[in-house]
Amino acid sequence: MFKIGYRTIKTALGATLAIIISQMLNLEYFSSAGIITILCVQVTKKKSVDASWHRFLAGLIAMAYASLMFEFIAFHPLIIGLILLIFIPTTVALKINEGIVTSCVIILHLYGSGDITFSLLMNETVLIAVGVGVALVMNLYMPSVDDKLLSYQERIETNFSEILMGIVRYLRDNDHTWGGKEITETADLLNQAKSLAFRDVENHFLREEDLYYHYFKMREKQFEIIERILPLVTNIPLVVKQSGIVANFIEDLAENVHPQNTAIIYLKKLEELEVFFRGMTLPQTREEFESRAALLQLMKEMERYLLLKHSFKGLPELNNNNRMKKKHFA
């Protein structure tokens with residue numbers, strides 16, 4: 001079974017409506033309005049507005065070039081080629097090359113008429129306006145992606161917790177049972193989530209910034225730190241007393257991965273740990289020295305991890321009603 005998406009439905013309805021309106025206005029070449037609508041219905045509101053404006057402006061430029069050359073030179077196929085030689089570089093220079101296809105249709109309309117008149121130019125202008133206008137109306141509705149964004153957020157946070165718990169088990173017991181599937185899965189989720197969040201930005205003209213997009217970018221940078229931590233942890237030669245203390249800290253962090261910003265609490269705990277470690281007796285063996293040095297480096301990476309979260313102002317708690325039973329996190 002095939003699936004019909006909302007954009008397909010909007011395109012079909014829009015093309016039909018554009019042709020009906022053009023016929024009601026007694027426009028020549030009325031079917032062209034449907035083509036323009038099809039081309040202007042895009043995946044986001046911003047892209048739809050950009051495509052509509054580009055096609056409208058390109059259409060006006062095409063009519064100007066065609067009118068001058070057909071009237072002052074000749075109505076001949078070679079002139080069509082000459083018009084395109086000038087028109088296409090113009091649209092590229094103005095960055096409105098999306099309008100080339102629809103403009104070519106308009107040029108052929110003018111060529112087929114054999115005579116450039118004011119009524120013909122108005123006919124073509126209204127055709128473009130109807131096609132573009134209907135497409136913009138169709139794109140006023142964009143389905144909310146908030147639920148999908150929230151789902152990505154929760155899945156990424158769950159994976160972060162699993163990865164951190166894998167680190168905890170290794171630090172505490174030298175446990176290698178964690179398979180690591182969350183690593184590749186999280187990388188894919190972050191790419192998909194950022195793409196969806198960016199699309200959401202383009203559907204809100206008045207929104208200055210998109211918290212979800214910044215949130216996923218922040219998680220992506222944290223994930224890069226986690227990827228650096230993993231080989232560091234697995235190469236620690238010896239389980240020492242400090243390993244268990246760091247493991248307890250990361251376990252607490254793993255149990256409290258969330259979208260709000262309370263990282264300052266954990267930054268203070270990390271600072272207290274560093275002060276505590278400085279007061280401990282010096283390592284007695286080379287393996288202990290290397291292990292404690294690796295743990296110190298691990299703590300520095302965790303500090304960077306938390307500073308990234310601290311720089312993010314947090315997502316609205318309204319988006320997390322299903323978490324009401326949970327405590328406040330860091």
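Reply: Let us begin with helices, which are DSSP runs of H or I with at least four residues, numbered from the N terminus. This is a predicted model, in which local features need pLDDT of at least 70 and side-chain atom pairs count only at pLDDT 80 or more, while totals for chains, interfaces and linings use all residues. Residues are numbered from 1 along each chain as its sequence is written, and side-chain values use heavy atoms, with hydrogens and water left out.

Me: In which helix is R219 found?

Reply: R219 belongs to helix α9, which covers residues 211-234.

Me: Is R219 buried or exposed?

Reply: Buried means under 20% relative accessible area, exposed means over 50%, and partly exposed lies in between, with a 1.4 Å probe and protein chains only. A salt bridge requires a side-chain nitrogen of Lys or Arg within 4 Å of a carboxyl oxygen of Asp or Glu. Lys and Arg count as positive and Asp and Glu as negative, whereas His and the chain ends are not counted. R219 is buried yet has no salt bridge; E157, the nearest side chain of opposite charge, is 4.0 Å away.

Me: Which residues is R219 in contact with, leaving aside its neighbours within four places in sequence?

Reply: Contact means heavy atoms within 4.5 Å. On that basis R219 is in contact with I156, E157, F160, L190, V257, H258, P259, Y305 and K309.

Me: How many disulfides are counted?

Reply: A disulfide is a pair of cysteine sulfur atoms within 2.5 Å. The count comes to zero disulfides. C40 is in none, as the nearest cysteine sulfur, that of C104, is 15 Å away. C40 counts as buried at 0% relative accessibility, whereas C104 is partly exposed at 22%.

Me: How many aromatic pairs are there?

Reply: Rings of Phe, Tyr and Trp (its six-membered ring) pair if their centres lie within 6.5 Å; planes under 30 degrees apart count as stacked, over 60 as edge-to-face and the rest as tilted. The count comes to nine aromatic pairs. One of them joins F198 and Y213 and is tilted, at 6.1 Å centre to centre and 55° between the planes. This pair links distant parts of the chain, with F198 in helix α8 (residues 181-201) and Y213 in helix α9, 15 residues apart. Ring pairs also link F70, F75 and Y111 into a cluster.

Technical notes. Helices (H or I, at least four residues) and strands (E, at least two) are DSSP runs, numbered from the N terminus.
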